[in-house]
Structures are given as structure tokens and as C-alpha cells.
Amino acid sequence: MSAIAVGRTAASPRGAGIDARPLLPAVGVVGAVFLWWLATDVVFAARPLVAQFSPLLAVRGFAELAAGGALLDAASASVFRLLAGVAVAAVIGVAIGLAVGSSRSLDRAVSPVLLFLRMVSPLSWAPVVVIAFGVGDPPVVALVAAAAVWPIATGVAEGVGRVNPGHLGVARSLGASRAEVLSRVTWPSVRPALLLGVRQALGIAWVVLVPAEMLGVASGLGYEILNAKDQLAFHHVTALILVIGTLGFLIDVVARWLLATRRDRSRGAAQ
């Protein structure tokens, strides 16, 4: 092999060319839509009810809902209830996590009760919250909070458990106040776990929110799905399912960016 060829081989990086990896998500979406169309418009086209869930009809349903203003109203109501429920869960979850993470005796004492409560589906509390709060936004917010509180509480408790006792001792020996110990020693250990817990809570709460909105409220995406089903407007149901999935995806993306630590953001930028 000539020296020129060797030089060219050494200079050209392996796998040089266009990086197609950023296009893979779009390929996946297109493939999923194609399979959806194939199932509803080709394979089961002879079944009128299945054909009502066609992607082409879903686009028409989305346009009808958006033109009437119902879609924006429903989405804004659902997002408000989600944020309100997660805010309530954050207050309660941080308090539980700090208490449990700071005391091994308390952790052992309450762990059976907390495990029992975590294993109960949040929607099981629906009759209780309706009796306690009536109808409207409060019971929905309560169910969302019941779903979101445990990831936050668990994250905070794990973060507190990671605090190095030696660092606490050094800070106290140097005369640091309780507020300084909390902000300079405890908070850096708790923050990543808390942020991860809040992100997980958002995902769980969004899943619980839609069925919760089918219980005595007259707005929201869950209510709109129930209303469309009662009117046999199945193309509206499909459009609403797409909106719910898209909003959930966007909420996760935004939460991942907002709740990321500075180190995580710098790693993402480097990659």
C-alpha cells in the first residue's frame, strides 16, 4: 500500500459520513403511524367501529376540537390540576422524606405504613376524596397528589441518607448554623434525588389525572374523552388520546430540562 493511501486511511475517521441517529425518533414515529393506518384502514377496514379510529379521522377530530376551543380549555384545565397536585405532593413528600431520612428509628417505625399506602392505587381513594372534598377540582388535585407524593418522599429520604455524617460534623465544628448546614451540606445531597423524584411524580400524576377527571368534573382531557365516548365520536377519542400522549411527552421533556442539575446539563451539552 502506498504512503498516500496509508495517509488517507489514517486521516479518515471510522464511520465518517452523515450521522443518522437524530433521525431515528422520526423514523420510529412514522413507522408507528404506518402500522396504525395499516391496522385500521387495511387489515380491519371491514369493521366500521375499528375504522373510526383511523389516523385520518383522528386528524379531522383534532381539527374539530381545536376549532371549537374545547381542546385548549381541556388541556389548560388538566395541566393546572397536574401542577397543583404535584405542588401539594411536593410539600407533603419533602416533609415525609426529611423526617424519615433523618431518623432510622422513625424509618423503621413507619415503613410498613408507608409501604402499605404506596401499594394502594391512587384511584382507589376516589370515593374517599369525593366524600371529603365534594366535586370539582379539589378531589382531582387530591388524587394527583396521592399519586405523586411517594416518588418525591422516597427521593428526599434517599438523598438525606446519602449525606456524609463527617461533613455534617465538620460543618458544625466550624460553627455553621442550622440553616447553613441545610443549605451547604444537606441540600446538595438531597437536590438530585428530589429533582428525580419530582420528574417521576409528574409522569405518574399525568397517568392518574385522566381517569381522575372522569369523576365529577366538567372540564379536562379526561372529561372530554368520556364526553366523546358518550356521543360516539370515536375520532374525537382518538384525537384526545394523541393530545394526552403528546402533552405527557412534552411535560417530561420540559421537566427533564428544568429539573436537571447543572452537572447533568453540562454533560448533555458535551454529548
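Guide: A helix here is a DSSP run of H or I, at least four residues in length, and helices are numbered from the N terminus. H236 lies in one such run, α12. The model is a predicted one.

Visitor: What makes H236 count as buried or exposed?

Guide: Buried means under 20% relative accessible area. H236 has 15% relative accessibility, so it counts as buried.

Visitor: Which side chain makes a polar contact with the side chain of H236, and what makes it one?

Guide: The partner is the side chain of E64, at 2.6 Å. The limit for a pair of N or O atoms is 3.5 Å, so the pair qualifies. Leaving out residues up to four places away in sequence, H236 also touches G61, L65 and A228.

Visitor: Which residues of helix α11 are buried?

Guide: In α11, which spans residues 221-230, the buried residues are L221, G222, E224, I225 and A228.

Visitor: How do you know where the buried residues of α11 fall, seen down its axis?

Guide: They fall within an arc of 160 degrees, so they line one face of the helix. An α-helix has 3.6 residues a turn, so residues three or four places apart point the same way.

Visitor: What is noted about L232, which is not a glycine?

Guide: L232 takes a positive phi of about 60 degrees. L232 sits in the loop between α11 and α12, just after α11.

Visitor: Which residues have the most contacts inside the largest nonpolar core?

Guide: They are L82, I152, W206 and L221, in a core of 41 residues. The elements giving two or more residues to this core are α5 (70-102), α7 (126-133), α8 (137-161), α10 (178-212), α11 and α12 (234-258).

Visitor: With which residues is W206 in contact, leaving aside its neighbours within four places in sequence?

Guide: W206 is in contact with S78, L82, L221, I244, L247, G248 and I251. Contact requires heavy atoms within 4.5 Å, so each of these residues has an atom within that distance of W206.

Visitor: What lines the second largest pocket?

Guide: Its lining has 17 residues, of which W125, A146, A147, V149 and W150 lie nearest the centre. Two or more lining residues come from each of α5, α6 (104-119), α7 and α8. The largest share, 7 residues, is given by α8. The volume of this pocket is about 380 Å³.

Definitions and conventions
Residues are numbered from 1 along each chain as its sequence is written. This is a predicted model: local features need pLDDT of at least 70, side-chain atom pairs count only at pLDDT 80 or more; totals for chains, interfaces and linings use all residues. Side-chain values use heavy atoms; hydrogens and water are left out. Buried means under 20% relative accessible area, exposed over 50%, partly exposed in between (1.4 Å probe, protein chains only). The arc is that of the directions from the helix axis to the C-beta atoms. A nonpolar core is a set of buried Ala, Val, Leu, Ile, Met, Phe, Trp, Tyr and Cys residues joined through side-chain atoms within 4.5 Å. A polar contact is a pair of N or O atoms within 3.5 Å; within protein, one must be able to donate a hydrogen and the other to accept it, and residues adjacent in sequence count only if both atoms are side-chain atoms. On a 1 Å grid over the protein atoms alone, a cavity is a set of points where a 1.4 Å probe fits but cannot get out, and a pocket is an open set with protein on both sides within 12 Å along at least five of seven lines; lining residues have an atom within 4 Å of a point. Grid points are joined across faces, edges and corners, and a volume is the space filled by probe spheres set on the points.
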